[in-house]
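Trainee: Could we go through this model together? I would like to start with its side chains and then turn to the metal.

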Amino acid sequence: MQSHPPAMFIADSLGLDFINSIATPVDTPVDWIADGGGLLRWLAQAKLVPSGVLDELAARAQPGELDDVAGQARDLREWFRGFVRKHRGTPLAPRALRELEPLNRLLASDQAFSRIVPHRHDDHDGFALERTRRWRSAETLLLPIGEAMARVVCEESFSDIKACEGPACTLMFADHTRARARRWCSMAICGNRAKQAAHRSRIKDRGA
Ligand SMILES: [Zn+2]
């Protein structure tokens with residue numbers, strides 16, 4: 001049986017976590033959305049699609065359909081990686097909007113709507129207005145991903161989007177620390193490696 005390591009959510013921004021859904025956490029590269037099953041697992045872990053919807057779309061999908069959608073998701077991911085790499089480090093300029101055309105096209109295909117649902121608050125039964133969409137086909141699984149990417153564009157400061165300083169690391173994140181001093185994808189992965197490397201070089205210096 002194939003094992004699936006849990007996806008990484010270290011970016012402090014889901015749209016960037018989506019870019020990080022292919023990475024090399026230890027020695028071997030892992031693509032969490034290598035196929036349709038992987039896409040469903042990533043979306044569930046990202047909590048971007050309700051599990052009931054994922055089950056229903058999986059049951060309804062034609063053979064190969066989910067794998068095709070996973071392929072589209074990977075294309076989207078690489079397109080967005082290029083966009084973020086190009087623009088990160090400085091505030092996003094208004095002219096970048098032209099480059100976002102593919103993302104706006106995806107968002108325009110959304111059949112989103114609001115509905116009233118039961119909602120309990122302050123110990124009494126009431127209602128809430130809930131935003132949802134028509135999940136017409138497996139392809140609609142790309143829509144919450146598109147929204148997460150659009151949030152990166154609209155809500156994150158591109159000056160604070162960073163690449164991990166780990167030499168072989170490809171992970172990106174939004175630095176929300178007060179001093180904007182975050183350097184690593186995570187202390188457990190690259191932060192520790194850097195600490196150990198610094199320690200080794202201190203020992204070497206002392207020995208020399
Ligand atoms: Zn890293």
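Predicted model: local features only at pLDDT ≥ 70, side-chain atom pairs only at ≥ 80, totals over all residues.

Trainee: Which side chain does a polar contact join to that of glutamate 156, and at what distance?

Mentor: Residues are numbered from 1 along each chain as its sequence is written, and side-chain values use heavy atoms, leaving out hydrogens and water. A polar contact is a pair of N or O atoms within 3.5 Å; within protein, one must be able to donate a hydrogen and the other to accept it, and residues adjacent in sequence count only if both atoms are side-chain atoms. For glutamate 156 the partner is histidine 176, at 2.7 Å.

Trainee: How far from glutamate 156 is the nearest side chain of opposite charge?

Mentor: Glutamate 156 is buried (under 20% relative accessible area, 1.4 Å probe, protein chains only). It has no salt bridge, meaning a side-chain nitrogen of Lys or Arg within 4 Å of a carboxyl oxygen of Asp or Glu. The nearest side chain of opposite charge belongs to arginine 180, and the distance is 7.7 Å.

Trainee: Which residues coordinate the zinc ion?

Mentor: Donors are N, O and S atoms within 2.8 Å of the metal (3.2 Å for Na, K and Ca). Here the distances are 2.3 to 2.4 Å, and the SG atoms belong to Cys164, Cys169, Cys185 and Cys190.

Trainee: Why does tryptophan 184 count as buried?

Mentor: Tryptophan 184 sits in the loop between β6 and α7. It counts as buried because its relative accessibility is 16%.

Key: Buried < 20%, exposed > 50% of the residue type's maximum accessible area, 1.4 Å probe, protein only. Lys, Arg positive; Asp, Glu negative; His and termini not counted. Helix = DSSP H or I, 4+ residues; strand = E, 2+ residues; numbered from the N terminus.
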